[in-house]
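Please have the sequence and structure open while reading.

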Amino acid sequence: MTHLLSMLFAATIAVTNPTQEQRQEVVEIDTTGLGLPAGFVVRDAFGIERTAQLTYDGKLLVDVHVRPAGTATYTIQEGIPAPVRSSVGGRQYPERLDDIAFENDRIGFRLYGPALQRKGEKGFGHDVWVKRTPELVLEELYRNDPRMSFHLDYGKGLDCYGVGPTLGLGTPALIRDGRIQYPWCYATYQILDKGPLRFTVRVDFPTTEDGITEHRILTLDKGTHFCKAQVWYDGLRTPTDVVAGFAIRPADTTSIVMGKDYVHYADPTIDPDRHQTQIYVALLFPDTPVEITTMEGHALGICRQYECGVFCYYFGAAWSEYDVRSQKEWQAHVDGVMQARRNPFIIKVKR
C-alpha cells in the first residue's frame, strides 16, 4: 500500500554545485505548478529521507550536500514524513521584557521589545548569543536565568555581546542630517516559519513623527552563521541613505577587515579581560551595492539614496569557543559564504 501511495506523486530534484568547493546548504525550491500533495517525503540517492520544510511563502526547503562541480538528485514522493528534531527555534519571551530570540545549530540572535522601551532602556540593535553546542539552548538559558545567568557560560553558551545604544550587529538605520537615526524597539511581530530548517520572523516598527515606518523580515537557516535581513521603509518622501552596521569597541578598534561588499571584525566581548574570547561578526552585501566605511563608532555598509524596495543583506557571528577559532578562519568562512551567494546551486525540478 505504501508503494502504491508513493506512485501517486513523484518528482525529481537535481541540485548542481557550480563551484569547486564541497557545499552543504538549505536550498529553496519553487513549488509553483508542482502540485505537492498534503503529505510528502524527500529522499536522497540512497532512498534515505532528508529533512524538508514548506515555508510561509510557498518555498520547499531541503537540506542538501553536493560535491565540487557535482549534481545531487533527490526525489519527492507522497507519504508521511518521519518526525525530526528541529535545527532552528525561537519565540517572543514576554517573561523577559518582550525579547524575540531565535537560534540555529550555530548561533543565536535577540531583538528587544516594547516592554524594554517602556522602561526607558536604549537597546537599539540586534544582540548575539554565542553557543558551543548544536543543541537549541535558548529555552534553557531563559528558564534558568537569573539563577544561572545567561551572561555566564555554564557549558552551552551565553550572552556576552554588548548592544546598548548602538546598532549591535546588523541593525539597519537611516542617515538623517549626516547622523545615524537609531531605531527603537519593534512594535509588532509575526513568526512566519518555525522550522525544522528555517526560522523567519517579521518585525514592524513604530511610525516616526515624520511618517516613516520600518519593516524587517529576518531569516535564519540550519547550518549557517548568517541571518538574512530584508528591510524596507514606508513613508520616505526623498531618497535617503540607509545603512546596516555593527558596533566597534574601544577595547579593539584594529581588527576591522573591509572588503568591497563585506566587513568583519573580532569583537572582544563585554568583558575582554575575564572572557578571553572573541565573537567574530560580519556584514555581507552580495545583492546590494554599498559603500563600506566607519561612522559614529560603527562599521557600516551604506546603501546610497534609497527610495523604495527591499534592502537585503546578511549579518552573522561565530564564537572562538565553538566552530570558528580565529579571525583568519572567519575570513575563510566569509569568503565561502560570499562565493556561495554569488554562485547559487542550479536547481531543476522534473515531475
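Q: How many bridges join β5 to β6?
A: This is a predicted model, in which local features need pLDDT of at least 70 and side-chain atom pairs count only at pLDDT 80 or more, while totals for chains, interfaces and linings use all residues. Residues are numbered from 1 along each chain as its sequence is written, and side-chain values use heavy atoms, with hydrogens and water left out. Strands here are DSSP runs of E of at least two residues, helices are runs of H or I of at least four, both numbered from the N terminus, and two strands pair if DSSP finds at least two bridges between them. β5 and β6 run antiparallel, and the bridges joining them number three.

Q: Which residue of β6 is the bridge partner of Q53?
A: Strands of a sheet pair through backbone hydrogen bonds, either parallel or antiparallel. For β5 and β6 the sense is antiparallel. Within β6, Q53 has as its bridge partner L61.

Q: Which helix packs on the eight-stranded sheet?
A: The helix touches β18 (226-234), β20, β21, β22 (279-284) and β25 (311-319), and its direction makes about 155° with that of β21. Contact means heavy atoms within 4.5 Å. The helix, residues 327-342, is α5.

Q: Which residue takes a positive phi in the hairpin of β15 and β16?
A: β15 and β16 pair in the antiparallel sense over six bridges, and Q190 has R202 as its bridge partner in β16. Three residues lie between the two strands, and the one with a positive phi, near 110°, is G195.

Q: Which residue of β17 stands opposite T200?
A: Strand β16 (residues 198-204) pairs with strand β17 (residues 213-221) in the antiparallel sense over seven bridges. The residue of β17 that stands opposite T200 is T219.

Q: Is D267 buried or exposed?
A: D267 lies in strand β21, residues 262-267. Its side chain makes a polar contact of 2.7 Å with the side chain of R249 and reaches the backbone nitrogen of T269 at 2.9 Å. A polar contact is a pair of N or O atoms within 3.5 Å; within protein, one must be able to donate a hydrogen and the other to accept it, and residues adjacent in sequence count only if both atoms are side-chain atoms. Buried means under 20% relative accessible area, exposed over 50% and partly exposed in between (1.4 Å probe, protein chains only), so D267, at 0%, is buried.

Q: Which residue joins its side chain to that of D261 in a polar contact?
A: D261 is found in the loop between β20 and β21 and is buried, with a relative accessible area of 16%. Leaving aside neighbours within four places in sequence, its contacts include L283, F285 and M338. The polar contact of 2.9 Å joins the side chain of D261 to that of R342.

Q: Which element gives the largest share of the lining of the largest pocket?
A: On a 1 Å grid over the protein atoms alone, a pocket is an open set of points with protein on both sides within 12 Å along at least five of seven lines, a cavity is a set where a 1.4 Å probe fits but cannot get out, and lining residues have an atom within 4 Å of a point. The largest pocket has a volume of about 1200 Å³, where grid points are joined across faces, edges and corners and a volume is the space filled by probe spheres set on the points. Of its 41 lining residues, those closest to the centre are E25, V26, D221, T224 and R341. The largest share, seven residues, comes from α5.

Q: What is the volume of the largest cavity?
A: The residues lining the largest cavity include L111, Y112, W184 and R216. Its volume is about 50 Å³.

Terms used. Axes are lines fitted to C-alpha atoms, for helices over the stretch in contact, and angles run from 0 to 180 degrees between N-to-C directions.
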